[in-house]
Amino acid sequence: MRKGIAVSPGVVVGTAYCIQEIFVPTDTPRLNADETVAEVAKFEVAQQKVATELRALREKVTLQVGCKEGAIFATHEAILNDPSFTNNVLERIQRQRSSAQAALHAFLMEYTASFSNKSSHDSFIRERLADVRDVIVRLSAHLSKILNCEDGPAIEGPLVVVADELLPSQAVALGNADVAAIVTQTGSRTSHAAIIARSRGIPAVCGVANILKQLHTGDAVVVDGSQGHVIISPDAETDKAYRKLEREFFLLRDELAENRDQPATTKDNAPLSLLANINNVDDTRAAVAMGASGVGLFRTEYLYLTHPSVPDEEEQLAIYRDVIDNSPNRSVTIRTLDIGGDKTVPYLGHRHQESNPFMGWRSIRLSFEHPELFTTQLRAIMRAAGYASEIGGEVSVMFPMVTTLEELHRVKRMVRRTTAELVERQHQHKVPRIGMMLEVPAAAVMIDSLLPVVDFVSIGSNDLVQYLMAADRDNPKVSHLCQPLAPAVLRLLSSVIRVCRQEGTPVTLCGEMAGQPRAFLVLLGMGLTSFSMSPAFVPSIKRLASLVTVDQARSIFHRASELRTTTNVNRFLHAELNRIAPDLAALELA
Ligand code: PEP
Ligand code: MG
């Protein structure tokens with residue numbers, strides 16, 4: 001058994017499908033001699049598709065971001081069409097009978113190795129390597145069997161995808177394949193692979209170091225996403241025991257989902273708002289099926305991360321309208337682009353690796369420096385808001401990683417300018433409610449001076465916790481510190497929630513802790529009444545809410561706030577949860 005970080009609950013007994021970073025199965029067999037012609041043709045088709053993609057990217061990025069950024073894709077096109085690259089790959093397919101994906105992978109390994117004795121601090125070499133890697137990732141995505149579902153991997157049983165880490169585009173693409181569970185070597189509870197696994201209700205374990213060395217495609221494997229366990233080739237007894245857990249888990253989940261049409265209230269009938277975090281329109285359907293009452297966080301960066309080029313205003317508007325049409329109550333809070341940190345796109349300056357990406361150029365900071373890109377998104381959001389209000393729904397907009405009052409003033413100026421543009425262009429639109437995400441401790445400290453400028457606050461606890469605890473949310477080595485139930489976090493959250501309530505500013509929490517039963521109890525006790533979470537967690541939180549009174553939750557919070565260590569808070573809340581709703585413990589992450 002290997003232990004990792006439990007990131008998405010549930011148990012699956014399945015078959016491993018091991019993929020490298022760029023979607024190459026780790027153990028691909030050699031082709032038969034008569035298969036090489038078809039493989040060459042497959043490679044050439046992928047090459048043509050990537051060429052079209054790159055051309056569109058170059059044009060759109062040049063228009064929306066700038067010439068310098070657009071030029072990156074001219075470099076990528078040059079690499080794609082470089083005869084020495086193409087010949088090298090073709091030769092590997094024809095002479096060595098490698099699959100196209102394996103040939104690309106081998107090329108990348110060899111290319112990287114050829115630079116290994118040169119200074120890795122040489123930024124030209126680093127960038128060149130990153131460019132080659134980007135082109136290969138693009139080609140590989142087109143060749144991937146997982147991406148092309150009709151040509152799915154020929155292995156039996158529920159598919160357990162095992163990878164180092166999934167790129168956002170890969171993780172989203174996996175949603176279309178029949179993936180039963182995910183295991184990654186890196187990542188953490190708040191990395192995008194984990195977030196996507198949870199929004200799909202797929203059990204997942206992250207941070208299992210070197211698992212790709214022990215596990216091979218076709219091996220039987222058990223994934224316990226609640227405990228963070230991965231069991232390789234289980235014996236008959238273990239297999240039987242976990243199959244029973246698997247059945248119980250799915251039964252409980254289905255049973256809970258039956259409360260989808262019931263209102264969310266506490267035991268003493270205090271109304272609550274249980275909203276969904278979504279990444280795309282598919283997630284809105286999960287939000288409806290699970291009984292959320294609206295979308296509290298639409299992470300729009302996935303639009304950019306998964307779009308073959310940059311989504312323009314009309315494309316964004318169409319997606320937002322689709323999301324609004326399919327969301328519960330047609331109520332959607334759209335977050336502007338939150339790129340940087342662990343989510344990067346080459347055309348936004350992320351080729352120059354920052355040494356501290358989470359503390360660096362991300363989110364609103366980056367949007368300010370790409371005003372054309374930013375206002376394009378604002379226009380699309382405001383037009384979507386106009387559409388929503390016409391059909392009886394509502395769109396709100398919120399800005400990630402706000403740190404200072406000056407930033408909020410700047411945002412408001414941009415909204416005013418964008419409004420004037422839309423009036424001039426005679427586009428139907430509406431100025432939505434404007435909110436800030438509270439994820440930086442400096443903003444939490446100054447919350448009283450920020451509130452007058454915003455209509456609502458949404459606490460991004462994933463980031464707030466990492467910044468407060470100075471512990472990277474994606475680094476398994478410091479995950480013991482990056483804890484939402486740490487006493488320091490509880491103290492800060494309760495103070496922010498108190499100030500918002502005093503000032504009458506609506507406040508929601510949309511970090512992952514909102515969907516965790518233990519954390520829910522304590523947040524409810526702080527006076528929070530609006531929670532946004534992965535859709536899969538809505539039914540269990542609705543059930544838990546119905547079993548607890550506001551006074552009970554208040555008393556739980558007061559007792560928790562007297563504890564001085566995270567371990568004691570966890571232990572105490574675990575015991576309380578077991579007392580109130582013992583069956584929900586199965587949905588908790590260890
Ligand atoms: C957060 O930081 O809590 C949040 C909701 O945003 P993200 O996880 O996308 O950074
Ligand atoms: Mg965040």
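Arginine 299 brings a polar side-chain atom to 2.7 Å from an oxygen atom of ligand 1, a polar contact in the sense of a pair of N or O atoms within 3.5 Å. The model is predicted: local features need pLDDT of at least 70, side-chain atom pairs count only at pLDDT 80 or more, and totals for chains, interfaces and linings use all residues. Residues are numbered from 1 along each chain as its sequence is written, chains are lettered from A and ligands numbered from 1 in the order written, and side-chain values use heavy atoms, with hydrogens and water left out.

**Around ligand 1**

- The side chain of arginine 335 also takes part, with an N or O atom 2.8 Å from an oxygen atom of ligand 1.
- Serine 461 uses its backbone instead: a polar atom there is 3.1 Å from an oxygen atom of ligand 1.
- Taken alone, ligand 1 exposes 290 Å², and the protein buries 100% of that; such areas come from the Shrake-Rupley method with a 1.4 Å probe.
- There are 16 residues around ligand 1, and Arg299, Arg335, Glu439, Asn462 and Arg473 come nearest; a residue is near if one of its heavy atoms lies within 4 Å.
- By class, this shell holds 4 nonpolar, 4 polar and 8 charged residues, where Asp, Glu, Lys and Arg count as charged, Ala, Val, Leu, Ile, Met, Phe, Trp, Tyr, Cys and Pro as nonpolar, and the others, Gly among them, as polar.

**The site of ligand 1**

- Ligand 1 takes up the space of the second largest cavity. A cavity is a set of points, on a 1 Å grid over the protein atoms alone, where a 1.4 Å probe fits but cannot get out; a molecule sits in one if more than half of its atoms lie within 2 Å of its grid points.
- Strand E10 (295-299) and helix H18 (461-469) are the elements that give two or more residues to the shell around ligand 1.
- H18 gives the most to this shell, with 3 residues; helices (H or I, at least four residues) and strands (E, at least two) are DSSP runs.

**The largest cavity**

- The count comes to 2 cavities of 30 Å³ or more, and the largest cavity holds about 130 Å³ of space, a volume being the space filled by probe spheres set on the points.
- Its lining has 14 residues, with Phe249, Arg253, Ala536, Phe537 and Leu587 closest to the centre; lining residues have an atom within 4 Å of a point.
- Helix H9 (236-257) and helix H21 (538-546) each give two or more residues to the lining of the largest cavity.
- The largest share of that lining, 4 residues, comes from H9.
- The lining of the largest cavity divides into 9 nonpolar, 3 polar and 2 charged residues.

Conventions
A polar contact is a pair of N or O atoms within 3.5 Å; within protein, one must be able to donate a hydrogen and the other to accept it, and residues adjacent in sequence count only if both atoms are side-chain atoms. On a 1 Å grid over the protein atoms alone, a cavity is a set of points where a 1.4 Å probe fits but cannot get out, and a pocket is an open set with protein on both sides within 12 Å along at least five of seven lines; lining residues have an atom within 4 Å of a point.
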